[in-house]
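Subject: Structure for you to look at

Hello,

Please find the sequence and the structure below. My notes follow them.

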Amino acid sequence: MAHRDELLLSDSCTLDHDGCITCSDAGIPVRVVSVEGDDALCEDGAGDRAEIAVELVAPVLVGEVLLTHGGVAIGKVTAQEEVPQ
Amino acid sequence: MKYVDEFRNAELARAVSSEINSLVDPDRRYKIMEICGGHTHTIYRHGIKDLLPEGVELVHGPGCPVCVLPMGRVDEGIAIAERPEVIFTCFGDMMRVPGSKGNLQEVKAQGADIRMVYSPLDALRIARENPDREVVFYAIGFETTAPSTALTLQRAKKEGIENFSVFCNHVTIVPPVRALLDSPDLRLDAFVGPGHVSTVIGCRPYEFMPEDYGKPVAVAGFEPLDLLQSILMVMRQLDEGRCEVENQYGRAVPWEGNLRALESLAEVFELRPYFEWRGLGFVSQSALKLSEAYADFDAEVRYSSPGVRVADPKACQCGEVLKGVLKPPECRVFGTACTPESPLGALMVSSEGACAAYYNFGRKSYEKVEIGSRR
């Protein structure tokens with residue numbers, strides 16, 4: 001469960017918290033553990049893992065942080081070097 | 001690598017709060033709408049409201065797809081779910097959204113085969129595993145969720161899976177915002193734009209808000225400091241007489257959005273001429289249906305859904321709350337006939353619904369000041 005804090009960018013959303021799924025504007029940040037074709041095994045901030053479809057953000061690399069929703073990655077999360085002032 | 005620590009930094013939050021305070025004109029009230037239900041949730045969960053000066057009021061917008069779904073669409077889903085050949089699949093919260101004669105959970109208890117899924121891809125897997133049954137997915141959500149439905153349908157088509165269809169209730173965020181801006185009920189000064197919808201559609205679609213209506217916008221993330229900073233951004237715009245779309249959530253929102261996701265949406269969906277929204281009525285070009293190329297997967301066609309319209313229960317004031325005209329505690333049934341355990345209206349069902357957020361995180365502080373103002 002590495003880098004847990006880095007993944008909690010979206011309030012408390014995790015793969016196990018299905019309330020966010022239906023409500024639909026809260027994506028879940030996950031880190032890519034391994035990639036196989038159009039799917040990637042990903043881990044969330046709580047350490048839970050799920051297979052995520054990654055066609056819409058391909059190519060993805062192990063270690064990248066993706067924003068997922070409904071089992072599909074919709075964006076990549078980039079590190080923000082500075083907090084906007 | 002900075003993703004979140006800085007966005008929960010109390011010292012920074014106090015500094016931002018203090019700067020917002022310094023920008024307030026004491027003779028003026030500022031009404032800022034957070035469009036997204038996820039933001040409403042963050043505001044109450046983290047007590048953002050208490051960090052804002054009295055003259056700055058946050059108004060909750062229509063950005064919770066469960067909450068804006070009219071009752072007729074729930075009834076139509078239930079009618080499909082009751083068919084014996086159907087395995088009906090949906091996200092968790094949909095199970096409890098009230099239709100005119102009950103909800104999906106109650107229909108399931110009466111024997112219908114209704115299964116909660118985490119992803120439409122799970123529904124497609126169920127279809128693969130049950131070739132002798134018809135599997136229907138109840139699709140709901142803004143542009144954040146629509147790509148997952150689109151991708152699932154693209155995979156279904158590619159694999160030639162014929163026993164899978166989608167009952168499509170996807171909606172788009174821009175038309176209801178325009179409807180709100182045109183509404184005489186509400187005078188808003190600025191907007192906090194939805195974060196994850198914008199991951200898909202980018203920031204450009206909001207440009208009409210400053211250009212046509214003179215309203216500043218800041219697209220925001222979901223951490224407490226994200227919200228505060230976006231409020232500061234629009235307050236600065238108001239103070240300096242600027243009016244534009246700014247992106248506070250650059251770490252997850254590219255200005256142009258996700259072009260591949262947008263291509264996928266364009267292939268699978270087309271705009272409906274109009275769609276009914278709870279509280280807003282019929283809004284033109286505000287929802288998606290399956291395109292001609294995917295018509296074979298359209299559950300509305302497959303099961304000849306009649307398009308029924310059902311009025312909300314008389315006591316329910318979700319419509320006024322959705323438009324920001326009433327605060328949740330001002331609804332006559334808030335916390336009494338309508339609670340998260342036994343919701344009368346959809347705003348109390350969804351965890352991002354404004355009423356559920358108030359009930360769970362903000363209710364006590366409101367009881368003192370607002371209980372007497374219920375209408």
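What share of the contacts in chain A with a separation of 6 or more comes from residues 24 or more positions apart? The share is 37%, where two residues are in contact if their C-beta atoms, placed from the backbone, lie within 7 Å.

Before the rest, two remarks on how to read this. This is a predicted model, in which local features need pLDDT of at least 70 and side-chain atom pairs count only at pLDDT 80 or more, while totals for chains, interfaces and linings use all residues. Residues are numbered from 1 along each chain as its sequence is written, and chains are lettered from A and ligands numbered from 1 in the order in which they are written.

Chain A

Chain A has two helices and five strands (helices are DSSP runs of H or I with at least four residues, strands are runs of E with at least two, and both are numbered from the N terminus). Along the sequence their pattern is α-α-β-β-β-β-β. Of the 85 residues in chain A, 48% are buried. A residue is buried if 20 or more other C-beta atoms lie within 10 Å of its own, exposed if 12 or fewer, and partly exposed in between, with C-beta atoms placed from the backbone.

Strand β5 of chain B

β5(B) covers residues 134–141, and eight of its eight residues are buried. Glu134(B), Val136(B), Tyr138(B) and Ile140(B) point one way from this strand, and Val135(B), Phe137(B), Ala139(B) and Gly141(B) point the other way.

Which strands lie beside β5(B) as parallel partners? One is β3(B) (residues 86–90), which pairs with β5(B) over four bridges; two strands pair if DSSP finds at least two bridges between them. Here Ile87(B) stands opposite Val135(B). Another is β6(B) (residues 164–170), joined to β5(B) by seven bridges, with Cys168(B) as the bridge partner of Ala139(B). β5(B), helix α7(B) (residues 146–159) and β6(B) form a right-handed β-α-β unit; right-handed means that, with the strands pointing away from the viewer, the path from the first strand over the helix to the second runs clockwise.

The nonpolar core

The largest nonpolar core has 138 residues. Such a core is a set of buried Ala, Val, Leu, Ile, Met, Phe, Trp, Tyr and Cys residues joined through C-beta atoms within 7 Å. Leu66(A), Ala73(A) and Ile32(B) have the most contacts inside the largest core. Helix α11(B) (residues 224–240) gives the most to this core, nine residues. Leaving aside neighbours within four places in sequence, Ile32(B) is in contact with residues including Val56(B), Phe191(B) and Ile231(B).

The two domains of chain B

Chain B is assigned domain 1 (1–314) and domain 2 (318–373); such bounds come from an automatic or database domain assignment. The centres of the two domains, taken over C-alpha atoms, are 19 Å apart. Their contact takes 29 residues from domain 1 of chain B and 22 residues from domain 2 of chain B. On the domain 1 side, α2(B) gives the most, with six residues. The residues of that side divide into 15 nonpolar, eight polar and six charged (Ala, Val, Leu, Ile, Met, Phe, Trp, Tyr, Cys and Pro count as nonpolar, Asp, Glu, Lys and Arg as charged, and the others, Gly among them, as polar).

Lastly, Cys64(B) lies in the loop between β2(B) (56–63) and α3(B) (65–68). Why is Cys64(B) called buried? Cys64(B) is buried because 33 other C-beta atoms lie within 10 Å. Cys64(B) and Leu322(B) are 258 residues apart in sequence and 9.2 Å apart in space, C-alpha to C-alpha.

Regards
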